[in-house]
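I opened a new model today and kept notes as I went.

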Amino acid sequence: MAKYRMVRTDFWKNPIVLEEMTPEDKYFYLYLLTNPHTTQIGIYQITKKQMAFDLGYSIESIQSLMERFIGHHKLIRYNPETRELAIKNWGKENLCKGGKPVMDCISSELKVVEDTSLIPYVLESIQKQEIRSLYESFCEPKKMSSDKEMKDRNEHDTYLDTDDVDDSSVSRYTIRGQKEKEKEKEKEKQQQKAFNQNIENIPKIENQIQNQKTKDLKEIVEFWDNNGFGFSNVNGKQQLLSWLEDSSFLQPKAVILKAMTIACANNKRKLNYVVGILKNWENESLLTVEEIDADHENQNSLPKHKQSTESFPAGRYIPSGFELDLTAGE
């Protein structure tokens, strides 16, 4: 299928987008709808680390955004074990046309979904019946088979006299249906319980993220003050600390401390020198301390160009066989 995704202009008129989403939410939602990992079915595998790298956010920021979209906006679901993400309204915008190529693509992608509970979640927003039927074929086939048997049985019974109906067979189907409904209710209760627990954990996670940010700020400021970068240079500290949020590094605190360590080793305790190091790493896509160390080792392992040791005599060239006569005149 063509590698493009459809985002309609009505996206900006959606009440949720218009009234409830922050600018950061809108940016993240557009990324979820259009990133290169998306599939035709609205369910795809992606890691939080990949999202952080693509968007230039920290993993903590991605975690916070994911929780908002799952718990508050209720627009996505994510399985952290299979790394699969499902978009609720995907079918409304992207599954409006059928045809054999589209149906073949959808079928092949549905086959590889590991968490099949995500399939009915996307199915809810699909309007085209042909595509809905294909999704339904991948949703709990045993239950659908049982429902079909019950429907066929009821249709056949309409042609029989009520006196000839086998009460035991009818009760058997009724009991089976009740058990299935009880299982569904139990499953819904468990899902609701898990959801409530996640909602309760959101404030704790946000506090942990905030505490970690405060700790990172403190470590960088202490290193600055204790290593001669200028205790009273408040403006310099603020500019350096902005790299914690505005950089694409996956380990911003560790990378900043490493750059400051290098500056100390070279006796260049200045903000411009540290920022220059950070910009070079960012331009070369060295986003973690491990990648920076590996690049440094590779640079050291390269053979140095050998300097030419050939010496050239000074003065004019004297041909071989020439004899110097000291008694002769010039």
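My entries start with the ground rules and then go from the whole chain to single residues.

**Ground rules.** This is a predicted model, where local features need pLDDT of at least 70, side-chain atom pairs count only at pLDDT 80 or more, and totals for chains, interfaces and linings use all residues. Residues are numbered from 1 along each chain as its sequence is written, and side-chain values use heavy atoms, with hydrogens and water left out.

**Whole chain.** I looked up the elements and found 15 helices and 3 strands. Helices (H or I, at least four residues) and strands (E, at least two) are DSSP runs, numbered from the N terminus. Next I checked burial. Of the 330 residues, 32% count as buried; buried means under 20% relative accessible area, exposed over 50%, and partly exposed in between, with a 1.4 Å probe and protein chains only. Then I turned to contacts (heavy atoms within 4.5 Å). Among those between residues at least 6 apart in sequence, 65% join residues at least 24 apart.

**The sheet.** In what order do the strands lie? I read S1-S3-S2, an open sheet with antiparallel pairing. Strand S1 (43-45) and strand S2 (76-79) each have a single partner strand, so one side of each is left without a neighbour in the sheet. From one strand to the next, the twist averages 20 degrees. For pairing, DSSP must find at least two bridges between two strands.

**S1 with S3.** I found 3 bridges joining S1 to strand S3 (residues 84-87). Gln-45 stands opposite Glu-84. Ile-43 has Ala-86 as its bridge partner.

**S2 with S3.** This pair is antiparallel over 4 bridges. Here Arg-77 stands opposite Ala-86. The two strands form a hairpin with 4 residues between them, and in this hairpin Arg-83 takes a positive phi near 60 degrees.

**Side chains of S3.** In a regular strand the side chains alternate between the two faces of the sheet. I checked S3: Glu-84 and Ala-86 point one way, Leu-85 and Ile-87 the other way. Are these residues buried or exposed? All of them are buried.

**A helix on the sheet.** I looked for what lies across the strands. Helix H2 (residues 23-34) lies across S1, S2 and S3. H2 runs at about 105 degrees to S3. Axes here are lines fitted to C-alpha atoms, for helices over the stretch in contact, and angles run from 0 to 180 degrees between N-to-C directions.

I placed Lys-74 in the loop between helix H4 (59-72) and S2. Lys-74 is partly exposed, at 44% relative accessible area. Asn-267, also not a glycine, has a positive phi of about 55 degrees. Its loop runs between helix H13 (252-265) and helix H14 (271-283). With 58% relative accessibility, Asn-267 counts as exposed.
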